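Morning, everyone. Let me take a few minutes on the inside of this protein. Have a look at the model first.

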Amino acid sequence: KGWQTENLYLYQGYWYPSKYIISIANVMASQDTFQANPNDIYLATSPKSGTTWIKALTFAIVNRTKYKKNSLSTHLLLVSNPHDCLPYIESEILRNKPTYMTENSPRIFATHIPYSSLPQSIIDYGCRIVYMCRNPKDVFVSLFHFTNKLREEYLGFLKFEEAFKMFCEGVTPCGPNWDHVTGYYEAGLKHPTRILFLTYENMSMDTTNNVIHLAEFLGYPFTKEEEAAGEVEEIVRMCSFENLKEVNKHGNFREGVPNHAFFREGKVGDWNNHLTDEMSQILDQITKEKFDVYEMAEPNYT
Ligand code: A3P
């Protein structure tokens, strides 16, 4: 099934490319070799749901004291792609040495792997997980543009209608998108204290309170003094779309992906500018059906 620069393959109910970080080989290798620690924290997302943002916020929260003392984390986030600050399990297993973030305790990793395919030790230890999801309509539009940024070098552009059809069929990297969301949502119902479920929309609407909540969950709560000194807002500003887009306007991330590809519009509801009414209704219908099956209250995507 075509989507990215080459085919996607079905593995344990989800589709994966054969290259890039979330390749089928990296998922299998993560399952075989990745060993969790009990106090690890995982940031899980399906692609294009706000991974870059949640990585930046987490990195900034966890390293804020260090950054105040010697400006290390500011320095990193002001000169680096957030993906270089906080690794994916799927890329970390390919390295010989742990990266900066993974030398800390708790170790923090990101992952696109669906809940049901996570390395077993993460489940066995009951590690904490932050899951961020996003309105599938915006996920689709974001993925379409991201994919075409990759494709232009190799193949012709993906057609919008063709991409839409595949998205609806669940054929996207780590898709079906809905199953990815409901998998983590269901796990969160069973283990409410260890899975923090966030939406891109709510994060956009009230970033400050979400950052305060996230910091508590991560075990790095803000003190009253820090809040009074405006440190939460400082982190919100540093990790804002506008700021990170500016920092990442040049240079390349790995595998030929330009840094700027991770920062497009950064808005809630950009789908309104791209989807026809009919497409919008089709996605509404699928979303309703998928969430009904899992008895999931539809996240507030507005
Ligand atoms: P758009 O394509 O709609 O602009 P991911 O990080 O999971 O790959 O998701 C990418 C999406 O998040 C893109 O959405 C991107 O612009 C948006 N994004 C990246 N950084 C962001 C930030 N700091 N704040 C808000 N949105 C951000």
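**The core and a helix pair**

Keep in mind that this is a predicted model. Start with the largest nonpolar core, which has 59 residues. Leu57, Ala60, Val130 and Tyr131 have the most contacts inside it. Which helix gives the most to this core? H2 does, with eight residues.

As background, nonpolar side chains in soluble globular proteins tend to be buried together.

Back to Val130. What does Val130 touch, leaving out residues up to four places away in sequence? The list is Ile41, Leu43, Ile54, Leu196, Leu198, Leu214 and Phe217.

Now the helix pair. H2 covers residues 51-62, and H13 covers residues 207-218. Their axes come within 10 Å and cross at roughly 65 degrees. The crossing of H2 and H13 is right-handed. On the H2 side, the contact uses Leu57, Thr58, Ile61 and Val62. On the H13 side, Val211, Leu214, Ala215 and Leu218 take part. By type, the residues of this contact are seven nonpolar, one polar and no charged.

Last, the whole protein. There are 17 helices and six strands. Of the 302 residues, 42% are buried. Take contacts between residues at least 6 apart in sequence: 70% join residues at least 24 apart.

Technical notes
Residues are numbered from 1 along each chain as its sequence is written. This is a predicted model: local features need pLDDT of at least 70, side-chain atom pairs count only at pLDDT 80 or more; totals for chains, interfaces and linings use all residues. Axes are lines fitted to C-alpha atoms, for helices over the stretch in contact, and angles run from 0 to 180 degrees between N-to-C directions. Helices (H or I, at least four residues) and strands (E, at least two) are DSSP runs, numbered from the N terminus. A crossing is left-handed if the near helix is turned anticlockwise from the far one by less than a right angle, and right-handed if clockwise. Two residues are in contact if their C-beta atoms, placed from the backbone, lie within 7 Å. Ala, Val, Leu, Ile, Met, Phe, Trp, Tyr, Cys and Pro count as nonpolar, Asp, Glu, Lys and Arg as charged, and the others, Gly among them, as polar. A nonpolar core is a set of buried Ala, Val, Leu, Ile, Met, Phe, Trp, Tyr and Cys residues joined through C-beta atoms within 7 Å. A residue is buried if 20 or more other C-beta atoms lie within 10 Å of its own, exposed if 12 or fewer, and partly exposed in between; C-beta atoms are placed from the backbone.
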